[in-house]
Amino acid sequence: MSEPGLDPTRRALWKMAEAVHDARITQNILRALAPRRAVIYMLHRFHDPALGNDGIAVDHVVSCIRTLRSLRIDLLSLRDLVEHAAAGRMLRRPAAVFTVDDGYRDFASVAAPVFEELGCPVTVFLTSGIVSDRRWFWWDRVRCILDASTRTRIPVRLGARDEIVLPSRPAERRDLAEAVIEALKWVPARDRDAKLEELGVEAGVALDPTPPAHYATMPWDEVTRLESPVCEFGPHTRTHPVLSLESDASAAWEIEGSWRDLRERLRRPVPVFCYPNGTRASFTARDGRLVRGAGMLGAVAYEPGFVTPHRPGGQDLTALPRRTLPNKPSRAPTSVTGVLGLPIRGRA
Ligand SMILES: [Zn+2]
């Protein structure tokens, strides 16, 4: 629920409806009536004051976990959930699963200690080639190049633009960087990398091959130190391309290769793959077959919906839905239970 622009009377009614919705008795009733299904949350970065990066506040994640737990919503590991779904086994109660994409260092510095302390299972998806080579994610390079450039115009053709005109205000520059990232997201990886090289040259910015701490992923020794029954890791390709744009050979190298990298490095990686980007257009049935062919149980996407392990006919394990964490902790239980068992958004 979000508060729309309302007149004072309707606003008061809306506030009342929210109070009723958030009341503990309402939440308990919703939980009792809810189907035994799970929601998988997808998180990315956590705000770390020491690193100075943007991201979700860890306190917010803690509040969501405590609220879910207080209503007896199970906090399951992704491994547990997918094993339930593979066996068609019904969950004991409605459940929530936490996953974190990409493996930035802020997970180790501020989030992992909290998940461990609360005993809340979490699965982190690693881009194994980026971790091994301590390289940049391409979208961070775009942000840094545009931030550091002293040019006012960068003669690089991009989508409908003939050139990139750099605003002087930092906020406008950041917005521009996000627009450039969006435009480059749907370019095959090889072409995109060439475009990034061109962008750096024309912007007059030569970045170090290794990103600063702010943009760095966890090194392998940190990953192995964090690996535990609470904190597990799964594969997320080697270089983070949009798989639907890649050739069969490239997709196989990314999917099978990242799973192999994790098995070589870790004690017990989670046999569940995570598609980069994750929307329906960003992966194909071929990629699902590659996941299963590599010996993994399934894969997570970024699509609305719930996981219902005992669903007649079975849950599609190669495209498990995920959603973002609600921005109010009081909304977390309903994101699992729906309202009177009905999903808030997406299919059940
Ligand atoms: Zn990712």
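**Reading helix α9**

Reply: In α9, L196, L199, G200 and A203 are buried. Buried means that 20 or more other C-beta atoms, placed from the backbone, lie within 10 Å of a residue's own; exposed means 12 or fewer, and partly exposed is in between. These four cover an arc of only 95° around the axis, so they sit on the same side of α9. The arc is that of the directions from the helix axis to the C-beta atoms. The model is predicted: local features need pLDDT of at least 70, side-chain atom pairs count only at pLDDT 80 or more, and totals for chains, interfaces and linings use all residues. Numbering runs from 1 along each chain as its sequence is written.

Me: What do the buried residues of α9 pack against?

Reply: Contact means C-beta atoms, placed from the backbone, within 7 Å. The buried residues of α9 pack against α7 (138-148) and β5 (153-154).

Me: What follows α9?

Reply: G204 does, with a positive phi near 70°.

Me: How many helices and strands does the chain have?

Reply: Helices (H or I, at least four residues) and strands (E, at least two) are DSSP runs, numbered from the N terminus. The chain has 13 helices and nine strands. Of its 348 residues, 39% are buried.

Notes:
Contact = placed C-beta atoms within 7 Å.
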